[in-house]
Amino acid sequence: MSDATVGECLPTVYFVGAGPGDPALLTVRAAALLAAADLVLYDRLSANCQPLGPTDALWECVEQLPGCHPDRVGAISRRMLEAAQAGKRVVRLKGGDSMIFGRAAEEWHPLIDAGFPVEVVPGVTAALAAAAGAMVSLTDRRIASAVALVTGHENPDKPGSMIDWSALAQFPGTLVFYMGVARLGHLVERLSHHGKPETTPVALVSRASFPDETIVQATLGTIENAARLQGIAAPAITIVGEVARDSAARAIRKRQLQGAVVITTRPEGQERPLLESLARQGAVAVNLPVLGIGPPPQPDLLDSAIDQLSRYDWVVFFSANGVKAFFERLTERSLDARCFGNARVAAIGRETAKRLLEVGIRADLIPHAERSEGLADALLPVVSGRRMLLVRADRGREQLEQALRAVATVDSVAAYVQIDRDLFGHGSVERLIAGKYDLLLATSGQAFLGVLRHLDENGKKRLINGEAAIVALGQVTAAAIQNSGYPVARIANSADSSSMTQAVVDAWTKKN
Ligand code: SAH
């Protein structure tokens, strides 16, 4: 009854393809719908897209719906119907594309029968992500003018085989199998039995687009063994055909951190670009924010520095966090960048300069943060005899401050405190404690000490003997680490993600 009366304002239910796993492969339309949703019903494989949704949308994994097995589709449809009838904006987020082995049509029938409009948003299907990962062109005008998408897992309710193996073995193009890892042997046996040569190239791509994407290159005759040796697990795509020849060699060059587990120590909230950059090179990267940030230790000192600001010749910001904390205080006091008057501004490192630009100040001088001699060299000549204010954390960079005091009139104020965080009990620290990582990227001496605090003697030994290699951000950090008796494999010269990633790649290459 109620359906008929509310007919004209029934909400649309969206079937959205989540892509193969990497949230960056969502479509723009998908991201917009997720941002506006009230309820997102998602498959386990699309859970990665969750951070893109607003926090007030309800995210429910369909595997947790009651009464899901064996008839999951019915339970999903019921849940969508119930939410849509309550006027909720429902997104059904499905891995890859919702209409490729996705049973979307079965799920939306009850909705359409009840009069709800349904819109489908396409997604990057796993076959395409796997092909991209392995750098296999699924079509090629010389050797493959057609592509077949095939399920390796047939509907168990159907008697006999639905797959015409004989036709597939003769198919004049590329075969792409979904859901086939557990039955790889069966697949190989059927194709060979029907005359597909054992020398046919095969590329198997597991977890396409995820940081731990793995590619196995073999032939029809050898793929089963090769996959077993590499411990390949679902989800995986198997590409069979001439186009898969030499795929692994091409793909491996692309992902230089394949198989590496990297621990980083960026402050909380600043880790994302670095983690993404490492993941793009194939690393599994985990951030441990061993240092936290707290309010200014002496707010009245910060306030009086702000009041005096225009009397300084130079104001030097030591870090992006310093900029953030300083401007937060300005805002709290209803002030803005005009308090700087004619003071010139220096930003140590590009990240700091970037943050300053965001609050409307273009730094006059940007010495690179990472080499202490470079810092002093750049600053000393211009500040000599001047009155300067250093905006910093409550600790760190003491040597630089001393060097400046020798030539200028220096006031220094702490805009925030650095807090040692205890991460015991957080899931993220487990890899560190268990020694299940290959590289540690320490972004400051303090952060390195923060990591050590979480390690027992064995854990420290792994670092001392280089079993896990240490990469330091900047010479100052490297010196601090070496002074405490640990070896540094590589030094990143700049705090931007690509320099840090490159240093990690170099250390990993050297290690292997
Ligand atoms: N609708 C999905 C496919 C669902 S069937 C799509 O369009 O991609 C599930 C199968 O998809 C898995 O068994 C696996 O074969 C494949 N798959 C899904 N995500 C994958 C990924 N990231 N890497 C490799 N294969 C994947």
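This is a predicted model: local features need pLDDT of at least 70, side-chain atom pairs count only at pLDDT 80 or more; totals for chains, interfaces and linings use all residues.
Before the first number, a definition: a helix axis here is a line fitted to the C-alpha atoms over the stretch in contact, and angles run from 0 to 180 degrees between N-to-C directions.

With that, take helix α11, residues 299-307, and helix α12, residues 320-332. Their axes are 11 Å apart and the two pack at an angle of about 80°. Angles of 65 to 115 degrees count as roughly perpendicular, so α11 is roughly perpendicular to α12. On the α11 side the contact is made by Leu302, Asp303 and Ile306, and on the α12 side by Phe326, Arg329 and Leu330. Sorted by class, this contact has four nonpolar residues, two charged residues and no polar ones.

Helix α12 also lies across β13, β14, β16 and β17, and runs at about 100° to β17. That brings us to the sheet.

This is an open sheet of five strands, in the order β13-β17-β16-β14-β15, and the pairing is mixed. The edges are β13, residues 291-294, and β15, residues 344-347; each has a single partner strand, so one side of each has no neighbour in the sheet. On average, neighbouring strands here are turned by 25° against each other, direction ignored. As for the pair at one end, β14, residues 314-317, runs parallel to β15, with four bridges between them. Phe317 has its bridge partner in β15, namely Ala347.

Now to helix α2, residues 28-36. Which of its residues are buried? They are Ala30, Leu33 and Leu34. Looking down the axis of α2, these buried residues fall within an arc of 100°, so they line one face of the helix. As a general point, an α-helix has 3.6 residues a turn, so residues three or four places apart point the same way.

Is Leu93 buried or exposed? Its relative accessibility is 0%, and the cut-off for buried is under 20%, so Leu93 counts as buried. Leaving out residues up to four places away in sequence, Leu93 touches a list of residues that includes Leu34, Val16, Val40, Tyr42, Cys49 and Trp59. Leu34 is also one of the buried residues of α2. For a distance across the model, Leu93 and Gln230 are 137 residues apart in sequence and 31 Å apart in space, C-alpha to C-alpha.

That is the end of my part.

Note on methods. Residues are numbered from 1 along each chain as its sequence is written. Side-chain values use heavy atoms; hydrogens and water are left out. Angles under 35 degrees count as roughly parallel, over 145 as roughly antiparallel, 65 to 115 as roughly perpendicular and the rest as oblique. Contact means heavy atoms within 4.5 Å. Ala, Val, Leu, Ile, Met, Phe, Trp, Tyr, Cys and Pro count as nonpolar, Asp, Glu, Lys and Arg as charged, and the others, Gly among them, as polar. Buried means under 20% relative accessible area, exposed over 50%, partly exposed in between (1.4 Å probe, protein chains only). The arc is that of the directions from the helix axis to the C-beta atoms. Two strands pair if DSSP finds at least two bridges between them.
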